[in-house]
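Please keep the sequence and the model in view while reading.

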Amino acid sequence: MRKKRLLWQLYPSYIVIVLLSILSVTWYASIALREFYLDQVAADLEARSILIEPSVSKLINDHELKKIDSLAKELGAAASMRITVILPDGRVTGDTENDPAQMDNHSDRPEVIDALAGRTGTSIRFSYTLNQQMMYVTIPVESGGSIVGVLRSSLPLTFIYKALNVIYIKIVFGCIVAIILVAVISLIISKRISSPLVELKRGAELFAKGDLKHKLRVFASYEIGALANAMNQMAAELDERISTIELQRNEQNAVLSSMVESVFAVDMAGNLVSMNQAAERLFSINIKDVRGRNIQEAVRNSDLLNFVVRTLESHDPIEDDITLKEDDERFLIVHGTILRNSSRKSIGALVVLNDVTRIRRLENIRRDFVANVSHEIKTPLTSIKAYVETLLDGAMNRPDDATRFLEIIARQADRLNAITEDLLTLARIEQSGKEHEILMRDVKVTDIMQAAGQTCKMKAAEKNIQLIFDCDESLHASLNPQLIEQALVNLVENAIKYSEPKSAVNISANIAGHRLTIAVRDEGGGIAKEHHGRLFERFYRVDKARSRKLGGTGLGLAIVKHISKLHGGDVSVDSAPGKGSAFLINLPIDQPPIFH
Ligand code: ADP
């Protein structure tokens, strides 16, 4: 239903009240006026009658009945009224309008009865003689203390009503003027009452739209002024509370978006309510697209969906391990807590996902490493133990066997030594990497290459392998010479190990842009593509037996990789079966090379 404006509720009521008041006053006044006027006319008629009465009394006493009629006609015409003289027996003896002989006996007329009884009689009734409403006033005509007749004065009511109508018209005109004035004044008053309310309504609408800085005018009227004040205060408080809530929300958002953990919240029906940026990244979705939609539509992992259902059903926080299998496997530790409102009623659930993939991978690497180390150490130890026992069992007494076995024991001990040496080297490099404490020095690259060649010279000579150096004498770079020499020794030793005798190993260095590349190339059997990715892992070998036979530890390339990383660079391999191998250490250099 359409609501009426206050103005149109107030105004018609005013008008109705005023109209009713004016009409009832007018009605009452008209009646009172009519009565007053009729009384006045009656009094006037009586007064006139009293004036004439002595003359009539004399004429009756003198039995001049004819003259009475003439007098009635004469005076009646002069006074614009009708005068009738009636004898006590009811006969009419004089009348202004008619011939008395023609008139009825008037003894039954109420006013005549009153006058004959000695009272003034008044009556308003229809005159059959004149055929109209008349007002009659009678007085007794006395002579010598007895009533000798009745003197009746009368006026037609039309005459009286004409006079009254003039007054009525004036009253009606006055009423119309009063009604118009009241209508205008009450419209102004109604507007004055309703317009502040209209302004308050507009202000309240602005508040509802969020314009809480708007200030309502404080009106002079006590109640409306107080209401405007109260509304202004309410808006100011709301504004402050909203600002506080916004600040808290921004802080929460900042905390949530800077969190590494993925966080999302659902309502009791499992519809997504919010999600932080980490969760958006984890599930590759945007909260704007999925807000309000069921979690099933956004996340396609049954374990996680079951976890959300369990969280919503449980009263206490729960925890679980979940694996997301998408492009690559992700391990997550998930915490779920029920969300409650201020009255402790459950309104949804908050789920925090901690991505522990890196930690799990590191744990796996560490586990594999320990297993590998144990295995690598166990093999030579078992061998040493077996030969020592054989020697103790009597082989010691056979000089040829004893020598052979002791040589094997020595070789295995060397292997153990090599493994521990390499492990220690790796540990040292890792430690310096963690503590950022490698010393860089500006050195001639060719000096490092020559030093590495010197270390490998013997092994190369044993296999009759030629070491070829190719490096500009003037090439300088800032690096840790000991570590780079160690990496080069590892690469050159590998090249010698896995090459046929009488071949050549080429060691070269050059700078392109801000990059120094040191390459070790051989003419050996080469390495198939499928091994390239894992070559630099600890203990990875293409051919385990061959590596062991050649005294390899499986750690050489891992050490090279770590040294390169420590310098901010990397190591790569370019090799194919039958085409030899090239290992390239790529190091960034901040300044262009300085030539001397
Ligand atoms: P290892 O001590 O066994 O040589 P590395 O880490 O130095 O261990 O090398 C890992 C593996 O890479 C070796 O076992 C070998 O199979 C392969 N490899 C390394 N260098 C060469 C090379 N120059 N030619 C062919 N294979 C190589």
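## Cysteines

A search of the whole structure finds 0 disulfides, a disulfide being a pair of cysteine sulfur atoms within 2.5 Å. Cys456 is in no disulfide, and the nearest cysteine sulfur, that of Cys471, is 16 Å away. Cys456 is buried, with a relative accessible area of 0%. Cys175 also counts as buried, at 15% relative accessibility. Here buried means under 20% relative accessible area, exposed means over 50%, and partly exposed lies in between (1.4 Å probe, protein chains only).

## Basis of the model

The model is predicted: local features need pLDDT of at least 70, side-chain atom pairs count only at pLDDT 80 or more, and totals for chains, interfaces and linings use all residues. Residues are numbered from 1 along each chain as its sequence is written, and side-chain values use heavy atoms, with hydrogens and water left out.

## Salt bridges

How many salt bridges does a search of the whole structure find? The search gives 28, where a salt bridge is a side-chain nitrogen of Lys or Arg within 4 Å of a carboxyl oxygen of Asp or Glu. One of them joins Asp89 and Arg91, whose closest N and O atoms are 2.9 Å apart. Asp89 is partly exposed at 40% relative accessibility, and Arg91 is partly exposed at 45%. Another joins Arg109 to Asp104, with the closest N and O atoms 3.8 Å apart. Arg109 is buried, its relative accessible area being 15%.

Arg360 forms a salt bridge with Asp321, and the closest N and O atoms are 3.6 Å apart. Arg360 lies in helix α10 (residues 357-392) and Asp321 in strand β8 (residues 318-325), so this pair ties together parts that are 39 residues apart in sequence. Helices (H or I, at least four residues) and strands (E, at least two) are DSSP runs, numbered from the N terminus. Elsewhere, Glu376, Arg415, Arg541 and Arg548 are linked in a network of salt bridges.

## A hairpin

Strand β1 (residues 82-86) and strand β2 (residues 92-95) pair in the antiparallel sense over 3 bridges; two strands pair if DSSP finds at least two bridges between them. Ile86 stands opposite Val92 in β2. The two strands, β1 and β2, form a hairpin with 5 residues between them, and Gly90 in the turn has a positive phi of about 100 degrees.

Rolling a probe the size of a water molecule over the atoms shows where empty space is left. On a 1 Å grid over the protein atoms alone, a cavity is a set of points where a 1.4 Å probe fits but cannot get out, and lining residues have an atom within 4 Å of a point. Grid points are joined across faces, edges and corners, and a volume is the space filled by probe spheres set on the points. By this rule there is 1 cavity of 30 Å³ or more, and the largest cavity holds about 30 Å³ of space.

Which residues line the largest cavity? The lining consists of Ile15, Val18, Leu19, Ile179, Val182 and Ala183. The elements that give two or more residues to this lining are α1 (6-61) and α4 (157-209). Phe159 also has its place in helix α4, and Phe159 is partly exposed at 49% relative accessibility. The C-alpha atoms of Phe159 and Met134, 25 residues apart along the chain, are separated by 9.2 Å.

How values were computed. 1 Å grid on protein atoms, 1.4 Å probe; cavity = no way out; pocket = protein on both sides within 12 Å on 5 of 7 lines; lining within 4 Å.
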